[in-house]
Amino acid sequence: MGIVAGLDSSSAFTRIVVCDTDTGAVIRQGYAPHPQPADDSQGTGPYEIDPQAWLLSLGEAAGGGLLEGVQAIGVSAQGHGLLPLDAQGALVRPALVGNDKRAQVAAADLVERFGGRAGWVEAVGSVPQYAQPVAKLAWLARNEPDAARRVAALMQPHDWLVWQLLGRPARRTTDRGGASGTGYWSAATGSYRPDLVELALGHRAMLPEVLGPADAAGTTPEGLLISAGTGETMAAALGLGLGPGDAAVSLGASGSVMAVHHEALSEPGGLITSLADAAGMHLPVVNTSNAVRALRGTADLLGTDLEGLSELALKSTPGAHGLVLLPYLEGERTPNLPHTAGTLSGLRRDSMKPEHLAQAAFEGMLCGLVDALDVLRTRGVEIRRVFLLGAVAELPAVQAAAPGLFGTQIVVPQPADYAALGAARQAAWALGVAQGTLAPHTPPVWPAAAAQVIEVDEELLPAWQAVRQQYAATRESVHPGAFA
């Protein structure tokens, strides 16, 4: 038996879980918010940060002897961050993190400069989006050319934290999962595209060595093994225990659908972002621009909250008396309709009631996510169960409709620090490989996440299939060929 720790440095806080290597049982936990900057005179908000704040938060979360007896540490951190370093390893400017839309124009420019969407899909399996490091590099070159010229090396948040824990060695590392989100590493080929760094930044830069899932990044001066680390998305998948046949649907303001698959997947129009996971497999992701925002907008219109909207919806029936909501309130990524708006169709006198509009909102949100899942299904991804993530997954109206609309078993995990747990599981894996007790191709078997499991009601399935068909017919009528 051993003890390992998983550290998750999110956009707002650090969580640490200390776990038993054999059982995955959580022994101790720590938490600390990131300190807030005293001055935001430039109005950059959460988009730029001095990464020393992450270290201060880490130190506070690990206080009180939390790491006593720990033999290995895994690090998970927010994805899509960029730390541009000079030749001496110092930051040339604060880290660029978060959902920073300032790089939208730069991302669009990159797409055009490299043969359009198809060219990027062929090169790295995804099309540049404003959040990706490659787009941030292009923004930096355009808006801060003096800083851009000084950039000699690139890191992401989890890379940088691992490097700091190891005492800033000459060797800098990352993992497949983190590298696959940069926009300049291909999950299909397992290699960097330094020419894309040059395209965005204006010159090439040193990139971290990509480690395998069970590799160790090194050992601290105190003798702690540090595993490869990974991004939050990949760590959460590892913490949840996702495997082939599993998909995870994230219900935030926007939505995402990801599934574990044996090979890298792409789609000519760029609907799929081809990511690698933290266990040696692949994690194709399809994003939607609208999910819970459709529910909140409908709740505001009806003068209620999300719980009240759920109660209203349960007074309706599958099909919402003919109402169909295409929830494209902020344009849409899947299908690729960036400049469209939402559509409410099927209005009749008997359908113009609050409960039917509430039901249509839930059906529209979920059908939009089923569209995203079908992008993966049509490319050979087998889905046997769907994990619903996010607070609204516990709403009764979601749980009533999801099994029939997705057509599969629904799993609603209990709230837990899954990214931190995934980082701890990675640490246990690397430790086991180093000690010769685990194989490098199989992570340690830890118990599945505690969850509510909802099976498909076969009697109601035809009604939900009819809802799905009506939604697809409405989408095709309003936006013909959207998925062509």
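This short talk describes a sheet, a helix pair, a pocket and the cavities of one structure.

Good morning, colleagues. Please keep in mind throughout that the model is predicted.

I begin with the sheet. Seven strands form an open sheet, and their order is β18-β19-β17-β16-β22-β23-β24. The pairing within this sheet is mixed. At its edges lie β18, residues 272–276, and β24, residues 451–454, each of which pairs on one side only. On average, neighbouring strands are turned by 25° against each other, with direction ignored.

One pairing may be looked at in detail. Strand β17, residues 255–259, runs antiparallel to strand β19, residues 282–288, and four bridges join the two. Gly255, for example, has Thr288 of β19 as its bridge partner. I shall return to Thr288 when I come to the cavities.

Next, the helices. How do α1 and α6 lie relative to each other? Helix α1 covers residues 52–61 and helix α6 residues 157–165; their axes come within 11 Å and cross at roughly 60°. The two helices are therefore oblique to each other. Their crossing is right-handed.

I turn now to the second largest pocket, which has a volume of about 450 Å³. Its lining comprises 29 residues, and those closest to the pocket centre are Gly239, Leu240, Pro447, Ala448 and Ala449. Which elements supply at least two residues each to this lining? They are the helices α9 (232–240) and α14 (418–435), together with the strands β22 (385–389), β23 (409–413) and β24. By class, 20 of the lining residues are nonpolar, seven are polar and two are charged.

Over the whole structure, a search finds three cavities of 30 Å³ or more. Among the residues that line the largest cavity are Leu154, Met155, Asp159, Tyr184, Tyr192 and Pro208. Its lining has seven nonpolar, three polar and one charged residues. Asp159 in this lining falls within the residue range of α6.

The second largest cavity contains about 40 Å³. Thr288, the bridge partner of Gly255, belongs to its lining, as do Asn290, Pro327, Glu332 and Tyr471, among others. Which helix gives the most to this lining? Helix α12, residues 354–377, does so, with three residues. The classes here are five nonpolar, four polar and one charged.

Thank you for your attention.

Note on methods:
Residues numbered from 1 in each chain as written. Predicted model: local features only at pLDDT ≥ 70, side-chain atom pairs only at ≥ 80, totals over all residues. Heavy atoms only, no water. Pairing = 2+ DSSP bridges. Axes fitted to C-alpha atoms, helices over the stretch in contact; angles between N-to-C directions. 1 Å grid on protein atoms, 1.4 Å probe; cavity = no way out; pocket = protein on both sides within 12 Å on 5 of 7 lines; lining within 4 Å. Points joined across faces, edges and corners; volume = space filled by probe spheres on them. Nonpolar A, V, L, I, M, F, W, Y, C, P; charged D, E, K, R; others polar. Parallel < 35°, antiparallel > 145°, perpendicular 65-115°, else oblique. Left-handed = near helix turned anticlockwise from the far one by under 90°.
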